[in-house]
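My plan is to go from the whole chain to its parts, then to a few single residues.

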Amino acid sequence: MNHGTAHQILRDTFGYSSFRGAQQSIVEHVVAGGDALVLMPTGGGKSLCYQIPALLRDGVGIVVSPLIALMQDQVDALKQLGVPAAFLNSSLDADAAREVSRLLLRGELKLLYVAPERLMTESFLSLLDRLNAGSPTPTPPPEGEGLDFPLPSGEGRREGVRSGIALFAIDEAHCVSQWGHDFRPEYRALTVLYERFPGVPRIALTATADAPTRREIIERLTLEQAQQFVSSFDRPNIRYRVTQKNNARQQFQVFLESEHPNDEGIVYCLSRKKVDETAAWLKEQGWDALPYHAGLDADARHNNQTRFLREEGVIMVATVAFGMGIDKPNVRFVAHLDLPKSMEGYYQETGRAGRDGLPANAWMAYGLGDVVSMRQMLLSGDAPEARKRVELQKLDALLGFCESTACRHQTVLRYFGEEHPGDCEQCDNCLEPVDTWDATLAAQMALSCVYRTGQRFGVAHLIDVLLGKITPKVEQFNHRQLSTFGIGKDLAQSQWSSVYRQLAAAGFINVDMETYGGLKLTAAARPVLRGEQEVWLRRDAEPAKRKTSKAERGSRLREAFAGVNEDPLWQALKAKRMELAREQGVPPYVIFHDSTLLEILNRKPQTLNEMGQISGVGQAKLAKYGDAFLQVVEDAANGV
Ligand SMILES: Nc1ncnc2c1ncn2[C@@H]1O[C@H](COP(=O)(O)OP(=O)(O)OP(=O)(O)O)[C@@H](O)[C@H]1O
Ligand SMILES: [Mg+2]
Ligand SMILES: [Zn+2]
């Protein structure tokens with residue numbers, strides 16, 4: 001047979017000039033019939049690892065995916081490339097499903113996306129049996145046998161049509177893990193693929209980095225013999241920043257205006273209420289913002305998600321319920337207005353930015369209030385004690401990350417057991433190294449003030465006492481008499497709040513549920529109070545300095561889109577893309593990614609041949625859209 005080589009398909013069908021990272025070895029391994037386990041970060045390019053082998057091998061590639069909402073877009077994207085593809089899930093009515101099965105049996109599909117619960121039905125499995133039987137002559141299948149719908153007679157596999165099963169791809173393979181948040185019981189039954197179709201190569205893929213999940217995937221999917229391909233989980237195009245909260249809304253507004261005035265992004269908040277309030281506030285400020293959380297009815301959720309995917313410039317304000325299965329490539333920023341629950345959560349949520357590899361921002365504002373409310377939330381849940389302890393430890397790791405003065409990329413990766421040299425130039429700490437200061441004395445004052453006031457007051461009152469303010473509360477509790485009253489006048493209010501935040505993050509103080517958020521000392525505070533332990537803290541930037549910090553200026557400069565929004569050609573290219581997308585009812589990025597439009601903008605191709613050199617323009621898209629975009633470039637040159 002001659003389907004061309006992997007490189008030809010990469011170039012002609014996908015329009016890309018070279019493989020990324022391990023893609024080529026994975027493709028070669030699977031094409032040769034090997035099983036594979038692929039660990040690659042979000043946006044790393046896992047799809048090509050099974051799509052190209054499916055195109056190179058005889059028969060159809062069966063892709064198991066739990067993300068029903070995404071299948072339509074994935075199939076649309078493949079059809080745009082000229083690849084015959086379809087999906088089968090509960091969103092199809094019986095007629096449409098029957099049509100897909102018919103195409104499948106005729107050998108007219110190269111890729112079929114299936115929901116796991118659909119795959120596991122006996123009728124679908126026996127359909128696969130038939131495909132796999134590999135009889136070279138056309139044998140009309142017995143009427144209706146093993147199927148929950150009758151087949152038109154005579155429509156078995158035709159001679160000359162390549163048939164069989166090219167491979168099984170098990171996408172989002174971490175769904176087999178009971179410990180993850182995406183556990184799907186049906187995934188555990190997928191061993192049947194190995195038992196029933198031992199000759200068909202299987203490739204399992206995930207962006208979940210940790211070793212226990214990997215072990216569970218191997219065991220649950222019987223992949224002991226599979227070759228493992230583990231990529232770096234670094235996301236170098238994402239710039240991590242953690243900002244100290246003073247007025248979160250205003251800080252966020254400055255961030256949006258200076259860095260993302262026209263971009264799509266996701267804003268994460270902890271509660272439904274805060275999601276609603278934040279979305280409403282953004283709308284008042286003139287931003288195109290939408291809310292998303294589990295409390296909205298299904299229609300509203302669906303509509304908001306569709307607008308986010310299909311339109312441009314929409315900001316999604318959401319709880320963490322939003323995001324799994326959103327593979328919109330051009331999310332330019334992810335902002336956390338509340339703390340994520342863990343490093344895993346932070347990595348996963350921020351990872352939704354910049355899947356297209358273009359520069360993106362992960363921005364977080366955080367303060368003492370977040371530490372308090374997050375601990376309260378974890379402690380007040382009904383989870384068993386052991387589980388709570390694990391969750392508190394995870395939160396502590398995240399807080400350590402927030403307060404760290406080390407390279408953020410390095411800190412994130414180290415958490416997942418990967419080394420990174422640091423100096424990434426893509427995080428706040430590298431761009432603007434943070435001072436630390438010997439805060440031993442300040443810590444002693446702060447902790448002793450907690451102790452002297454009876455371990456039941458919140459931070460506002462504690463700071464009043466340290467600063468020697470005479471407030472009604474100070475009078476009421478007679479706190480002027482305390483030895484800590486007024487001893488902290490050398491530091492400003494904001495510096496004390498930074499001290500308390502960091503002491504809480506580092507575990508010297510805890511929040512007491514019974515006293516509604518009063519601070520209490522932990523055992524770790526004792527050596528500090530006794531003068532046996534030094535405490536070094538980071539020196540927070542002054543609020544005024546922040547607006548024009550180097551990190552933010554730098555990020556404006558580095559923006560691949562710097563100035564692009566003022567360029568009429570860019571606007572014209574986007575308008576053409578939107579027009580084509582609307583005509584076909586697909587998201588704009590299914591036509592061309594931003595990175596492709598950007599290359600057209602910069603190279604201004606004048607011929608179809610030149611257009612074909614642009615990354616992301618394969619043969620099918622060149623034929624379909626080449627002329628239209630050439631016209632846009634030409635019109636702009638002529639000042640039309
Ligand atoms: N060799 C390549 N050259 C250029 N672009 C590529 C290449 N491989 C993949 N891409 C692009 O990278 C983006 C991400 O790819 P893909 O959707 O396969 O990511 P993924 O690894 O499946 O991520 P996720 O875990 O989020 O599902 C896509 O836009 C894809 O077109
Ligand atoms: Mg994927
Ligand atoms: Zn760094």
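Which domains does the domain assignment give for the protein chain? I looked them up before anything else. The assignment lists domain 1 (6-230), domain 2 (238-431), domain 3 (436-538) and domain 4 (563-637). I then looked at the contact of domain 1 with domain 4. Twelve residues come from domain 1 and eleven residues from domain 4. On the side of domain 1 that touches domain 4, helix 1 (6-14) and helix 4 (68-80) each supply at least two residues. Helix 4 has the largest share of that side, with four residues. I sorted the side of domain 1 that touches domain 4 by class and noted four nonpolar, five polar and three charged residues.

**Whole chain**

I keep in mind that this is a predicted model. I listed 30 helices and 17 strands in the protein chain. For overall size, I took the C-alpha trace along its principal axes; the spans are about 100 × 65 × 45 Å. I then checked the radius of gyration. A compact globule of 640 residues would have a value near 26 Å, and the protein chain has 28 Å, which agrees. Burial came next: 41% of the 640 residues count as buried. I also checked how far along the sequence the contacts reach. Among contacts with a separation of 6 or more, 72% are between residues 24 or more positions apart.

**Ligand 1**

Which residues come nearest to ligand 1? I find Tyr-16, Thr-42, Gly-45, Lys-46 and Ser-47, out of 18 residues around the ligand. By class, I noted six nonpolar, seven polar and five charged residues in this shell. I then asked where the shell comes from. Domain 1 (6-230) and domain 2 (238-431) each give at least three residues to the shell around ligand 1.

**Helix 22**

Helix 22 has 13 residues and reaches 18 Å from its first C-alpha to its last, close to the 18 Å expected at 1.5 Å a residue. Just after helix 22, I noted Gly-507, which takes a positive phi of about 90°.

I ran the length check on helix 16. Its 19 residues should span 27 Å at 1.5 Å a residue, and its end C-alpha atoms are 27 Å apart, which agrees. Which residues of helix 16 are buried? I have Leu-395, Leu-398, Leu-399, Phe-401, Cys-402 and Glu-403.

I stepped back to Ala-383. Ala-383 sits in the loop between helix 15 (368-380) and helix 16 (385-403). I count Ala-383 as partly exposed because 13 other C-beta atoms lie within 10 Å.

Phi of Thr-222 is near 50°, a positive value in a residue other than glycine. Thr-222 is in the loop between helix 10 (211-220) and strand 7 (227-230). With 15 other C-beta atoms within 10 Å, Thr-222 is partly exposed.

Lys-604 has phi near 40°, again positive in a residue other than glycine. I place Lys-604 in the loop between helix 28 (594-603) and helix 29 (608-612). Lys-604 has 14 other C-beta atoms within 10 Å, so I log it as partly exposed.

**Ala-636**

My last stop was Ala-636, in helix 30 (residues 619-637). Buried or partly exposed? Ala-636 counts as partly exposed, because it has 18 C-beta neighbours inside 10 Å. Which residues does Ala-636 touch, not counting those up to four places away in sequence? I noted Pro-568, Leu-569 and Ala-572. I also took its distance to Ala-97. Ala-636 and Ala-97 are 539 residues apart in sequence and 45 Å apart in space, C-alpha to C-alpha.

Key: Residues are numbered from 1 along each chain as its sequence is written. Chains are lettered from A and ligands numbered from 1 in the order in which they are written. This is a predicted model: local features need pLDDT of at least 70, side-chain atom pairs count only at pLDDT 80 or more; totals for chains, interfaces and linings use all residues. A residue is near a molecule or strand if its C-beta atom, placed from the backbone, lies within 6 Å of it. Ala, Val, Leu, Ile, Met, Phe, Trp, Tyr, Cys and Pro count as nonpolar, Asp, Glu, Lys and Arg as charged, and the others, Gly among them, as polar. Domain bounds come from an automatic or database domain assignment. The expected span of a helix is 1.5 Å times one less than its number of residues. The radius of gyration is taken over C-alpha atoms; the globule rule is 2.2 Å times the number of residues to the power 0.38. A residue is buried if 20 or more other C-beta atoms lie within 10 Å of its own, exposed if 12 or fewer, and partly exposed in between; C-beta atoms are placed from the backbone. Two residues are in contact if their C-beta atoms, placed from the backbone, lie within 7 Å.
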